[in-house]
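Notebook open, structure loaded. I'm jotting down what I look up as I go.

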Amino acid sequence: MMKVVIAGAGSVGRSVARELIDKGHTIVMIDNDKQAIRRDLVPDARWIHTDACELDGLADAQLEDCDVVVAATGDDKTNLVLSLLAKTEFGVPRTVGRVNHPRNEWLFDSNWGVDVAVSTPRLMTALVEEAVEVGNLVQLLTLQQAGTTLMEMTLHEASEVLGKRVGDIDLPQDTVLVAVVRSDRAFAPQDDDTLVDGDELFFLANTSAKPRLRELFS
């Protein structure tokens, strides 16, 4: 089980904390707003009233012993500074940064210590697109440390790859088809699997591969 420190005790941080606690992980919640310290809402977490950008407060949370830091505050500057401090001062193996304003998304990379950037507006937009658009490549999540993106596409009946074996499709370099969802069943595709109309495909790929993927599968 992991020890996870979550900065930002708003609705997002609390929701993540409850989910992780239900899975058996140890959670530390930190926030600099006394009004946000609601131990009754997440009673199984350890709560610390401190500034997420101050080293003394982060030391109190024992970041050096944690597996993951989640920077989930409503302020992008705070999330960036916390991610950087977690990496450089405490050697935290994994950081997740919440992006509040899409225009700041380009900052959330390894230069600021962010391993995974989660943009709520982008994710909501992607989920809307995924729900209503067939045959369009949708970017779901960016993994900054690996330099890759999780993308999704639902195959249209006119797609040229229908009926083809997965192993016969010439995917772009550094692109992996990691999962297929078919008739509400998810599976890891093998070379001999044949793609059919309505298949929902999930790729891990470099962003630069998007045009080629769109050309292949749309």
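I started with the largest cavity, and its volume comes out at about 30 Å³. On a 1 Å grid over the protein atoms alone, a cavity is a set of points where a 1.4 Å probe fits but cannot get out. Points are joined across faces, edges and corners, and a volume is the space filled by probe spheres set on them. My search of the whole structure turned up one cavity of 30 Å³ or more. V166, I169, L171, L177, L195 and F217 line the largest cavity; a lining residue has an atom within 4 Å of a point. That lining splits into six nonpolar, no polar and no charged residues. For the classes, Ala, Val, Leu, Ile, Met, Phe, Trp, Tyr, Cys and Pro are nonpolar, Asp, Glu, Lys and Arg charged, and the others, Gly among them, polar.

**Ground rules.** I noted that this is a predicted model, where local features need pLDDT of at least 70, side-chain atom pairs count only at pLDDT 80 or more, and totals for chains, interfaces and linings use all residues. Residues are numbered from 1 along each chain as its sequence is written, and side-chain values use heavy atoms, with hydrogens and water left out.

**Core.** Which residues touch the most other members of the largest nonpolar core? I get L195, L201, F203, L213 and F217, out of 18 residues. Strand 8 (148–154), strand 9 (176–182), strand 11 (200–205) and helix 5 (210–217) are the elements giving two or more residues to this core. Another core, of 17 residues, lies apart from it, with V5, A7, I30 and A71 among its members. A core here is a set of buried Ala, Val, Leu, Ile, Met, Phe, Trp, Tyr and Cys residues joined through side-chain atoms within 4.5 Å. Buried is under 20% relative accessible area, exposed over 50%, partly exposed in between (1.4 Å probe, protein chains only). Helices (H or I, at least four residues) and strands (E, at least two) are DSSP runs, numbered from the N terminus.

I also listed contacts (heavy atoms within 4.5 Å). Not counting residues up to four places away in sequence, L201 touches M151, E152, M153, L155, L177, A179, V180, L195 and F217.

**Helix 5.** K210, L213, L216 and F217 are its buried residues. They sit on the same side of helix 5 because they cover an arc of only 130° around the axis, taken from the directions from the helix axis to the C-beta atoms. P211 and E215, on the other side, are exposed. The buried residues pack against strand 7 (138–143), strand 8 and strand 11.

**W47.** I found W47 in strand 3 (residues 46–49). Is W47 buried or exposed? W47 counts as buried, at 8% relative accessibility. Leaving aside neighbours within four places in sequence, W47 is in contact with A9, M29, A36, I37, R38, R39 and V42.

**Backbone check.** Most residues other than glycine have a negative phi. I flagged Q62, with a positive phi near 55°, in the loop between helix 2 (55–60) and strand 4 (68–71). Q62 is partly exposed at 36% relative accessible area. D174 also has a positive phi, near 60°, and lies in the loop between strand 8 and strand 9. D174 is exposed at 60%.

Key. On a 1 Å grid over the protein atoms alone, a cavity is a set of points where a 1.4 Å probe fits but cannot get out, and a pocket is an open set with protein on both sides within 12 Å along at least five of seven lines; lining residues have an atom within 4 Å of a point.
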